[in-house]
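Please read the points below alongside the sequence and the coordinates. They are set out as a colleague's note.

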There are 2 protein chains.
Amino acid sequence: MGFSKKHIFDEQQNQAALITKVLGHPARISIIQHISQNKCCNCNELVQNIGLAQPTISQHLNEIKKIGLLDQDAKGKNLFYSINVERLNDCRRVINDFFVKTQINCCK
Amino acid sequence: MGFSKKHIFDEQQNQAALITKVLGHPARISIIQHISQNKCCNCNELVQNIGLAQPTISQHLNEIKKIGLLDQDAKGKNLFYSINVERLNDCRRVINDFFVKTQINCCK
DNA sequence: TTTGTATATTGCAATATTACGATAATAATA
DNA sequence: TATTATTATCGTAATATTGCAATATACAAA
């Protein structure tokens with residue numbers, strides 16, 4: 001198969017899984033960290049810094065955009081990325097909720 | 001390709017990515033939640049409750065074991081799973097660290 | 001307009017993931 | 001011992017992911 005049977009799970013479960021799936025690659029973790037550390041970060045800088053080919057970085061950026069974590073600011077031929085902090089907090093909350101609920105259930 | 005170039009990333013990045021990758025499937029989120037809610041939960045109960053075939057559940061359980069999140073207790077022919085709460089907290093900490101650091105970088 | 005720079009898209013190869021039927025392995029019970 | 005119940009493993013099909021070369025696109029500067 002290869003595909004996931006998403007319809008048998010609820011909204012929350014699919015949402016948590018989607019967010020963690022996007023984070024579930026070291027390149028994407030690294031990209032997010034690098035963008036957060038460098039206010040004006042374009043694709044080329046990521047390519048230089050991370051050591052993956054430009055199309056690969058572009059592809060990973062697209063995955064990260066899927067959960068709304070990236071803002072873009074086009075300045076001439078440059079495209080500067082930044083983290084959407086609100087969305088970052090949303091994601092953090094969703095994952096934290098999962099951990100909190102799981103832990104509470106375990107310990108009662 | 002299909003494989004990830006893990007060697008170009010640091011320990012922390014790979015660790016965060018590994019944990020989130022394991023959590024990045026709704027079936028595994030669901031399995032973890034179900035085990036946490038039911039003290040004595042065996043494979044069969046998960047199969048009944050989640051609606052995936054027994055080999056599929058078994059496979060997902062193996063993925064979750066990769067990050068040490070599951071304890072097993074064999075009672076006769078039954079195998080009862082429970083959450084390793086220490087490991088759960090470890091994972092929570094790793095992911096939380098990622099979010100905290102990213103957020104701090106964004107807002108300075 | 002031509003050239004150069006930055007990013008996206010396309011196409012493809014290699015590998016990984018997801019799912020399940022069939023079967024094996026293990027242990028309790030009749 | 002034969003049967004039954006529970007879980008793991010094997011094999012396989014379908015799909016997804018990862019990575020990159022080649023190419024396209026968009027914009028700025030010469």
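**Notes on a predicted model**

1. Within chain A, the contact between H2(A) and H4(A) brings A:Ala27, A:Arg28, A:Ile31 and A:Ile32 of H2(A) against A:His60, A:Leu61, A:Glu63 and A:Ile64 of H4(A). By class, this contact has five nonpolar, one polar and two charged residues. It should be kept in mind throughout that the model is a predicted one.

2. How do the axes of the two helices cross? The axis of helix H2 (residues 26-37) of chain A and that of H4(A) come within 10 Å, and they cross at roughly 80 degrees. H2(A) is therefore roughly perpendicular to H4(A), since angles of 65 to 115 degrees are counted in that way.

3. The contact between the chains takes 35 residues from chain A and 35 residues from chain B. On the side of chain A that touches chain B, helix H1 (11-23), H2 and helix H5 (85-106) each supply at least two residues, and H5(A) gives the most, with ten residues. This side of chain A divides by class into 17 nonpolar, 14 polar and four charged residues.

4. Two or more residues of the surface near DNA strand C come from each of helix H3 (43-50), H4 and strand E3 (78-83) of chain A, together with H4 of chain B. The residues of this surface divide into eleven nonpolar, twelve polar and four charged.

5. DNA strand D is likewise surrounded by 27 residues, the closest being A:Gly2, A:Gly76, B:Met1, B:Asn42 and B:Pro55. Here the elements that give two or more residues are helix H4 (54-65) of chain A together with helix H3 (43-50), helix H4 (54-66) and strand E3 (78-83) of chain B. By class, the surface near DNA strand D has eleven nonpolar, twelve polar and four charged residues.

Technical notes
Residues are numbered from 1 along each chain as its sequence is written. Chains are lettered from A and ligands numbered from 1 in the order in which they are written. This is a predicted model: local features need pLDDT of at least 70, side-chain atom pairs count only at pLDDT 80 or more; totals for chains, interfaces and linings use all residues. A residue is near a molecule or strand if its C-beta atom, placed from the backbone, lies within 6 Å of it. Helices (H or I, at least four residues) and strands (E, at least two) are DSSP runs, numbered from the N terminus. Ala, Val, Leu, Ile, Met, Phe, Trp, Tyr, Cys and Pro count as nonpolar, Asp, Glu, Lys and Arg as charged, and the others, Gly among them, as polar. Axes are lines fitted to C-alpha atoms, for helices over the stretch in contact, and angles run from 0 to 180 degrees between N-to-C directions. Angles under 35 degrees count as roughly parallel, over 145 as roughly antiparallel, 65 to 115 as roughly perpendicular and the rest as oblique. Two residues are in contact if their C-beta atoms, placed from the backbone, lie within 7 Å.
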